[in-house]
Amino acid sequence: MSTPETSTHESTGHGDISTGMAGGDSNASATRITPGNALRPEDIALEVKTGLVKPSGDVAEYALRLGDDALILEQRLGHWISRAPELEEDIALGNIALDQLGHARSFLTYAGAGMPKEDGTATSEDELAYFRREHEFRSVQLFEQPNGDFAATIARQFVVSYYQYELYRRLTESTDSTLAAIAAKAVKEVDYHRDHSSQWVLRLAGGTEESRKRMIHGLRLMWPYVNELFQDDDLTQRLAEAGAAVAPSSLRGDFDRLVTAVLSEAELEVPDVPAAPGGGRYGKHSEHLGYILAEMQVLAREHPGASW
Amino acid sequence: MSPHGNPETPASSATEINREAPKASPAPQEHHDRGAWGLWEVFVRSSRGLSHVHAGSLHAPDAAMALRNARDLYTRRNEGVSIWVVPADAIAASDPDSKGSFFESPQGKDYRHATYYTKSEGVKHL
């Protein structure tokens with residue numbers, strides 16, 4: 001199994017974009033820029049192209065689910081760029097969105113390898129992102145929920161990051177080495193997303209009367225969609241038994257414990273709201289996903305094959 | 001202002017910022033009140049063994065958020081292994097107007113440099 005740090009992809013790494021000294025050179029400046037070495041979606045695409053990796057149908061479907069989650073959330077968070085309460089927060093949310101985009105690209109590239117087209121070549125990440133219809137998306141409904149105000153976005157991010165952290169942490173042990181490698185890179189990034197969102201939950205809850213009211217409201221808006229995150233089905237059961245995936249229900253204990261700890265520190269309660277019916281994994285979405293896709297896909301559909 | 005450019009108040013405009021402000025972002029509907037978020041100076045160490053170097057500044061409601069904002073703003077291209085943040089008004093700055101008395105007087109005093117010694121033969125690394 002290749003880990004991101006010591007992956008076999010160094011030869012394809014884009015070391016040439018480094019504008020400073022590599023290594024511990026004493027002349028290195030404080031603003032030295034290096035790309036570092038980590039698993040990139042391009043590396044997975046290369047492995048797919050050369051036939052080095054090929055997921056089973058089940059694994060591809062599973063990767064599609066996780067990729068769609070990250071893609072839809074990224075599209076939602078990206079909407080905050082230039083609209084966040086402060087410039088610093090604008091960049092923080094943009095960074096989180098870009099992290100999610102990276103995860104989406106990796107998962108979708110891998111999923112596409114298990115979904116060959118008629119000519120036998122792998123479906124590309126772009127084809128999966130831009131040319132599927134609403135009912136073909138496999139994201140759970142939490143990810144498509146509207147941004148609302150800043151507190152609602154933080155509430156969604158809070159739930160998502162604690163869920164994704166528990167998921168990716170376990171997925172690093174996957175018997176599928178590509179899933180494990182994607183998760184190993186993602187878990188560090190999501191760990192920071194956890195920190196970011198919990199810091200804001202604490203501050204909004206402990207801030208002004210208005211910010212606390214909005215934080216409580218944001219959590220109430222998002223909580224009906226929490227249940228769907230932890231629902232098992234035949235696919236996850238088969239994959240979990242094979243050791244390739246993680247049964248969603250197995251994440252619930254740790255999620256509840258950690259989320260409750262933050263909420264109680266913020267003197268908030270876990271919202272007591274009924275669960276939404278869910279169904280995102282089978283293409284049943286809330287009314288919001290169609291609008292996201294329309295905006296996300298219009299350019300690629302209007303000018304198929306264009307590059308910019 | 002004191003003669004040697006070490007003013008009691010920093011030259012930075014950060015003095016106008018109310019540091020006692022509550023540690024919370026302003027309520028979303030309120031008009032932007034920059035006074036609630038103080039100015040912080042960011043120092044980044046690019047790798048082990050080097051010093052922290054001033055990278056820029058940012059606004060944040062408190063130290064914990066300042067560190068996180070600094071991470072997001074100044075280390076997103078793998079620039080650092082350590083960050084310091086300092087409230088801008090905690091920095092006492094030299095007075096730019098006293099450049100002459102403060103920084104130009106050592107000029108021409110070459111006896112302060114080790115230029116009058118002859119190097120012994122065969123001694124390396126001098």
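Two residues are taken to be in contact if their C-beta atoms, placed from the backbone, lie within 7 Å, and helices (H or I, at least four residues) and strands (E, at least two) are DSSP runs, numbered from the N terminus. The structure is a predicted model, in which local features need pLDDT of at least 70 and side-chain atom pairs count only at pLDDT 80 or more, while totals for chains, interfaces and linings use all residues. Residues are numbered from 1 along each chain as its sequence is written, and chains are lettered from A and ligands numbered from 1 in the order in which they are written.

The model has an ipTM of 0.75 and a pTM of 0.80. In terms of pLDDT, the predictor's confidence in each residue, from 0 to 100, chain A has a mean of 90, with 90% of its residues at 70 or more. Residues 1-28 of chain A, however, have a pLDDT below 50, and this stretch has 46 contacts in the model beyond near neighbours in sequence. Chain B averages 76, and 71% of its residues score at least 70. Two stretches of chain B stay under 50, namely residues 1-17, with 34 contacts beyond four places in sequence, and residues 25-32, with 14 such contacts. Where pLDDT is low, the predicted coordinates should not be read in detail. Among the elements of chain B, the mean pLDDT is lowest for helix H2 (residues 99-104), at 82, and highest for strand S3 (residues 82-87), at 96.

In chain A, helix H2 (residues 57-78) packs against helix H3 (residues 87-113) at an angle of about 155 degrees, with the axes 7 Å apart; axes are lines fitted to C-alpha atoms, for helices over the stretch in contact, and angles run from 0 to 180 degrees between N-to-C directions. H2(A) and H3(A) are therefore roughly antiparallel, given that angles under 35 degrees count as roughly parallel, over 145 as roughly antiparallel, 65 to 115 as roughly perpendicular and the rest as oblique. Residues making this contact include Ala60(A), Gly67(A) and Leu77(A) of H2(A), and Leu93(A), Gln100(A) and Phe107(A) of H3(A).

Helix H5 (residues 150-171) of chain A has 22 residues and reaches 30 Å from its first C-alpha to its last, close to the 32 Å expected at 1.5 Å a residue, where the expected span is 1.5 Å times one less than the number of residues. Of the 22 residues of H5(A), 20 are buried, a residue being buried if 20 or more other C-beta atoms lie within 10 Å of its own, exposed if 12 or fewer, and partly exposed in between, with C-beta atoms placed from the backbone. H5(A) packs with helix H7 (residues 209-222) of chain A at about 50 degrees, with the axes 8 Å apart, which makes H5(A) oblique to H7(A). Among the residues that meet there are Ala151(A), Ala155(A) and Val159(A) in H5(A), and Ser211(A), Met215(A) and Leu219(A) in H7(A).

Chain B contains 2 helices and 3 strands, arranged along the sequence as β-β-α-β-α. Of its 126 residues, 23% count as buried. Helix H1 (residues 63-74) of chain B has 12 residues and spans 16 Å, close to the 16 Å expected. The buried residues of H1(B) include Met65(B), Ala66(B), Arg68(B) and Tyr74(B), and their cover includes H3 and helix H6 (177-205) of chain A, together with strands S1 (38-45), S2 (53-60) and S3 of chain B.
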